[in-house]
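Please look through the model below, beginning with a pocket and moving on to strands and aromatic rings.

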Amino acid sequence: MAPRRRSNTGFIGVRLRPAGHFAAEITAGGTRVWLGTFYTKEAAARAYDVAAWRFGRPRHEMNFPEVRSLTEAQSLSTEPLLRSQGEARRYRSGQRRINTTEADEQFMAQWRRDHPGAVEAERAFWKEKQTYRRERRAGKRQRRAEYEAEYAKGEASTWGENDERWLWHLSSTASEDTPSEDEDFDF
């Protein structure tokens, strides 16, 4: 798997805020978790690495792969800059999310180890569903291609069988109450 793209700050999960501070965030379980605002981009990158260690991410997805453990990463990181109660609340909420996601991932890893048959059944289910969807899409494309070929030959029409325009077309005469080709008509 290719390494994640680094932002313009040079670090994964770190972005420059308009005020000149650096924000750190990580995505876990489909949810973006805000890790805090920091004075330096290195401090924000270290906060990202602590969260990455807690989620069990591989070292190639970290900003400082030379750090060997979560304990070492935590000792090198600093507390975020919390300028208001709102930011402090947001930081605590993010930390709760990290704890919850970490526990969920540990539980799911244990469940996968305990129930390998269920994991295989789930993989088979999703593979079968993917195959079904591909076949259905291919069938739709085939029917559309057949219709377009018939239409190109003049064997098919864009009007449906019960379209009122057929009645007008088939019963049209040169009378005044029949709309001409230039006029708009509503049915």
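The second largest pocket holds about 200 Å³ of space. A pocket here is an open set of points, on a 1 Å grid over the protein atoms alone, where a 1.4 Å probe fits, with protein on both sides within 12 Å along at least five of seven lines; lining residues have an atom within 4 Å of a point. The model is predicted: local features need pLDDT of at least 70, side-chain atom pairs count only at pLDDT 80 or more, and totals for chains, interfaces and linings use all residues. Residues are numbered from 1 along each chain as its sequence is written, and side-chain values use heavy atoms, with hydrogens and water left out.

The lining of this second largest pocket comprises 14 residues, and Ala47, Val50, Ser77, Tyr91 and Gln95 lie nearest the centre. Strand 3 (31-38), helix 1 and helix 3 (85-114) each supply at least two lining residues, and helix 1 gives the most, with four. Helices (H or I, at least four residues) and strands (E, at least two) are DSSP runs, numbered from the N terminus. By class, the lining has eight nonpolar, four polar and two charged residues; Ala, Val, Leu, Ile, Met, Phe, Trp, Tyr, Cys and Pro count as nonpolar, Asp, Glu, Lys and Arg as charged, and the others, Gly among them, as polar.

Strand 3 is largely enclosed by the rest of the structure, because six of its eight residues are buried (under 20% relative accessible area; exposed is over 50%, partly exposed in between, with a 1.4 Å probe and protein chains only). Strand 2 (residues 22-28) pairs with strand 3 in the antiparallel sense over seven bridges; pairing requires at least two DSSP bridges. Phenylalanine 22 is opposite phenylalanine 38 of strand 3. The hairpin of these two strands has two residues between them, and glycine 29 takes a positive phi near 60° there.

The structure has two aromatic pairs. Rings of Phe, Tyr and Trp (its six-membered ring) pair if their centres lie within 6.5 Å; planes under 30 degrees apart count as stacked, over 60 as edge-to-face and the rest as tilted. Phenylalanine 11 and phenylalanine 64 form a tilted pair, because their planes are at 40°, with centres 5.6 Å apart. Phenylalanine 11 precedes strand 1 (14-16), while phenylalanine 64 is in the loop between helix 1 (41-54) and helix 2 (70-76), 53 residues apart. Phenylalanine 11 counts as buried at 12% relative accessibility. Phenylalanine 125 and tryptophan 126 make an edge-to-face pair, 5.0 Å centre to centre with 75° between the planes.

Definitions and conventions
Grid points are joined across faces, edges and corners, and a volume is the space filled by probe spheres set on the points.
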